[in-house]
Amino acid sequence: MSKGTNPWVFLPLAAFVALAVLLASGLGRNPEELPSALAGKPVPEFSRPSLLNDRTLTEELLTGRWQLLNVWGTWCPTCYIEHPYLLELARDGVPIIGLDYKDEDAKARDYLAEYGNPFREVIVDADGQLGLDLGVYGAPETFLINPRGEIVLRHVGELNQRVWDEKFAPVLQQAGEAPGVTP
Amino acid sequence: MLLALTAVPAWAAIDIYQFDSDAQQDRFHRLTEELRCPKCQNQSIADSDAEISQDMRERVARMIREGHSDEEIVTFFVDRYGDFVSYRPPFNPRTAILWVGPLTLLLLGGVGIVVLVRRASREAEEDEQ
């Protein structure tokens, strides 16, 4: 062919590069991190015993102020790693509600006695069905809940200073809420 | 031989759910094959032994007994775990590329071949003249 190079010749190459870029962008993502499906929805209704006292806890516990709902269990290795940071947040005045997920009460009480208790209340979810309602698939998971009792954020895995600064603090600041200060 | 006949099938030991009818039983098997275990990436909740899968099977069984439709049950899990949890992802903007992508590529390739073949045969005719 003498009519010069046909630009369409480069189409397969361009298509290949585009596909390669698209697929490569997926490689860096963590496949275990699922989208936060319940974000923006209210916490499901529940009625569960407290680990700390004789009260029966309901979804009302999670209304009235910004607070964290932390899903943990004594069987969960990462929860031990995360625990000191939760204590630090609690010391700074961040209200945290615990959800003791698929655990034994006695072990959980021992755990809090030994390592300290960052939780204002602890909901007992021995059979994991409340966790299922929340879309929990492991521990630890941490939900940020607004005063209307709606789930604003969900973080799967260890909560630490970096996650707090990147995910939680900006949302609280935007809401006009200094982290740690309760209304 | 006798042993083989009297042995309890292995699956019977995993978990047993009571249903009112065989139809419900069938729906249970279909739904648990269709739902994906959120913890283990590539297993259905019927295949998986993860705790979360056990809980999900239990919930599926309960919802079937309570008279929920298949659609309601799948929606319940998709609301909580996202489209990820379904092995039959719905068609929406986020999944469109999965559904349309391969077909589009096939069509583009087909059109490309037709164009090339036509041009080649036209050039061959021109050469003959």
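## Terms and model

A helix crossing is termed left-handed if the near helix is turned anticlockwise from the far one by less than a right angle, and right-handed if clockwise. The model is predicted: local features need pLDDT of at least 70, side-chain atom pairs count only at pLDDT 80 or more, and totals for chains, interfaces and linings use all residues. Residues are numbered from 1 along each chain as its sequence is written, with chains lettered from A and ligands numbered from 1 in the order in which they are written.

## Chain B

Chain B holds five helices and zero strands (DSSP runs numbered from the N terminus: H or I, at least four residues, for helices; E, at least two, for strands). Of its 129 residues, 16% are buried, that is, 20 or more other C-beta atoms, placed from the backbone, lie within 10 Å of the residue's own.

An automatic or database domain assignment divides chain B into domain 1 (14-89) and domain 2 (91-129). The centres of these two domains, taken over C-alpha atoms, are 41 Å apart.

## Packing of α2(B) and α3(B)

Helices α2 (residues 22-34) and α3 (residues 51-65) of chain B pack at about 145°, their axes 10 Å apart; axes are lines fitted to C-alpha atoms over the stretch in contact, and angles run from 0 to 180 degrees between N-to-C directions. The crossing of α2(B) and α3(B) is right-handed.

Q24(B), R27(B), F28(B), L31(B) and T32(B) of α2(B) meet R57(B), V60(B), A61(B) and I64(B) of α3(B), contact requiring C-beta atoms, placed from the backbone, within 7 Å.

## Interface

Chain A contributes 12 residues and chain B 13 residues to the contact between them.

Technical notes:
Contact = placed C-beta atoms within 7 Å. Buried ≥ 20, exposed ≤ 12 C-beta atoms within 10 Å, placed from the backbone.
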